[in-house]
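Subject: Structure handover

Hello,

Here is the structure for you to look over. My notes on it follow below.

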Amino acid sequence: MREKIKKHPLILFSDFRKLFIARLISSIGDKFFLLSLSWLVLSMDNSNSALHLSIVMAANIIPVVIFGPFMGTIADCINRKTCLVLADIVRAFFMAILAFLVCNDNYTIWSLFILSFLIATFTPLFESATNASIEILTDEESISQAVALDSMVLQVSNLLGAFLGGVVIYAVGIKGAFIFNALSFIVSLVIILFIHTNLSVKKSTMAKNFRQEFGQGFKYILSIKPLFALIIFFLIFNFFVSPIAIFIPLIVKFVINEQSNWLAILEGAVALGSVIITLLLSFRNDINEKMYKKIFISVLTMGISMSLIGLSTNRYIIALCLFITGCTLAHVNATAYGFFQKIVPDYLKGRFFAILTTMCFSIIPITYIINGALTNIVSVSTVVFYEGMLSVLAAFIIIFIPKYQLGGDNYGLLYKVD
């Protein structure tokens, strides 16, 4: 165990550790923001609060869909450290404006929508540059562990953000959370500036112009059927699982009839399950064909857990089911991203992960609005139950898609730039 700790990526690679910490701080601020935003919208005197919540939450996703591939291409064209710095500066600026409006009670539902949209616009640039930098900041032997750790950033930030956000909202109100989020981007920026590893792109692998660069990412994905099929599966998977982000505030408000402290508890239950699983996976570096079986079991378990949430009004049972949901989500994400990091060439990583994120996120605004509208017609519990049942059915898709054979021909290495 001591040897494993010594060889852990956070111990071995100081610049990777800096990026990990910067992302963690920034992501905690993001969780503060989403918690505060959702509770602010639900607290507004409006009979359509559920639908408005889904629209505002969609504003955090739509920019990823629209700008993701372009941001990923930029991350493969210029120094990735520059991308990280630029993303933090712009997001801090717009978050400061939003914090000012909220603190002065000078906001509307549309100002929340517009500023959320602008803040989220530069998130794909930060995420693409991060994903494209992991292999550079570590090594081939540690890549699976590093990817699990990278996945854990989001889960740990969700856990800490939910806990701290709930405390802040309960103690001093919503306004402090928006201020904290603006400051978090600044702290993240300062840490990134101390990364010394050269994150420049290898020019020898670059195409002649931006248009060719942009097209190469799509061409790579479409040329490999097992890879494209797996991405389509995740698109379907996201349709059923992503509404959990709006279900949790609605469950707190309308099912268990609790205050913002229980919003933090239920959000924290999902995050705690995710943290435990990703932490365990960070000590393993095996990616193999059993990945498909593991994903099937995780998605099946997640669907059952969501259905049980829909059948219960007991806050503790709901918290337990959300904990299990968090475990399965983390396992699916870490397993899949480790696989993608292993097979995708370095010079395509920025574009690949941007396109992957765009494709998977493209369905989220639609499912947010659909589920938000449904909860205005039938109960939240009913909608959650049927989403869980559909997730169970979706799990069986993984059985029938074409499989990528690791250990045989490496599609990533066979792909050539025209």
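Asn79 sits in the loop between helix H5 (62-75) and H6. Helices here are DSSP runs (H or I, at least four residues), strands likewise (E, at least two), both numbered from the N terminus. Asn79 is partly exposed, at a relative accessible area of 24%. The cut-offs are under 20% relative accessible area for buried, over 50% for exposed, and partly exposed in between (1.4 Å probe, protein chains only). Leu199 is 120 residues away along the chain, yet its C-alpha atom is 5.6 Å from that of Asn79. Leaving aside neighbours within four places in sequence, Asn79 is in contact with Asn198, Leu199 and Ser200. Contact means heavy atoms within 4.5 Å.

**What you are looking at**

This is a predicted model, in which local features need pLDDT of at least 70 and side-chain atom pairs count only at pLDDT 80 or more, while totals for chains, interfaces and linings use all residues. Residues are numbered from 1 along each chain as its sequence is written, and side-chain values use heavy atoms, with hydrogens and water left out.

**Overall make-up**

The protein has 21 helices and 0 strands. Of its 418 residues, 57% are buried. Take the contacts with a separation of 6 or more: residues 24 or more positions apart account for 86% of them.

Ala58 is in helix H4 (residues 49-58). Ala58 counts as buried because its relative accessibility is 1%. Ala58 and Pro365 are 307 residues apart in sequence, but 4.6 Å apart in space, C-alpha to C-alpha. Not counting residues up to four places away in sequence, Ala58 touches Pro365 and Tyr368.

Ser14 lies in helix H3. Ser14 counts as partly exposed, at 37% relative accessibility. Ser14 and Ile195 are 181 residues apart in sequence and 8.4 Å apart in space, C-alpha to C-alpha.

**The nonpolar cores**

A nonpolar core is a set of buried Ala, Val, Leu, Ile, Met, Phe, Trp, Tyr and Cys residues joined through side-chain atoms within 4.5 Å. The largest one holds 125 residues. Which of its members touch the most others? They are Phe234, Leu266, Phe340 and Phe352. Helix H3 (residues 14-43) gives the most to this core, with 14 residues.

Look at Phe352. Beyond its neighbours within four places in sequence, Phe352 is in contact with Tyr220, Ile221, Leu227, Ile231, Phe340 and Val344. Another core, of 5 residues, lies apart from the largest one. Among its members are Ile277, Leu281, Cys327 and Ala330.

Two packed helices are described by the angle between their axes and the distance between the axes. Axes are lines fitted to C-alpha atoms, for helices over the stretch in contact, and angles run from 0 to 180 degrees between N-to-C directions.

Start with H10. Helix H6 (residues 80-103) and helix H10 (residues 175-193) pack at about 160 degrees, with their axes 8 Å apart. That makes H6 roughly antiparallel to H10. Angles under 35 degrees count as roughly parallel, over 145 as roughly antiparallel, 65 to 115 as roughly perpendicular, and the rest as oblique. The crossing of H6 and H10 is left-handed. A crossing is left-handed if the near helix is turned anticlockwise from the far one by less than a right angle, and right-handed if clockwise. The residues in this contact divide into 18 nonpolar, 2 polar and 4 charged. Ala, Val, Leu, Ile, Met, Phe, Trp, Tyr, Cys and Pro count as nonpolar, Asp, Glu, Lys and Arg as charged, and the others, Gly among them, as polar.

Now H8. H6 and helix H8 (residues 123-137) pack at an angle of about 150 degrees, with axes 8 Å apart. H6 and H8 are therefore roughly antiparallel to each other. H6 passes H8 in a left-handed crossing. On the H6 side, the residues that meet H8 include Arg80, Asp88 and Arg91. On the H8 side, they include Thr123, Phe126 and Ile136. The contact of H6 with H8 divides into 9 nonpolar, 3 polar and 3 charged residues.

**Two positive phi values**

Most residues other than glycine have a negative phi. Asp105 is not a glycine, but has a positive phi of about 50 degrees. Asp105 lies in the loop between H6 and helix H7 (109-121). Asp105 counts as exposed, at 55% relative accessibility.

Asn257 also has a positive phi, near 55 degrees. Asn257 is in the loop between helix H13 (244-255) and helix H14 (260-281). Asn257 is exposed, with a relative accessible area of 57%.

Best wishes
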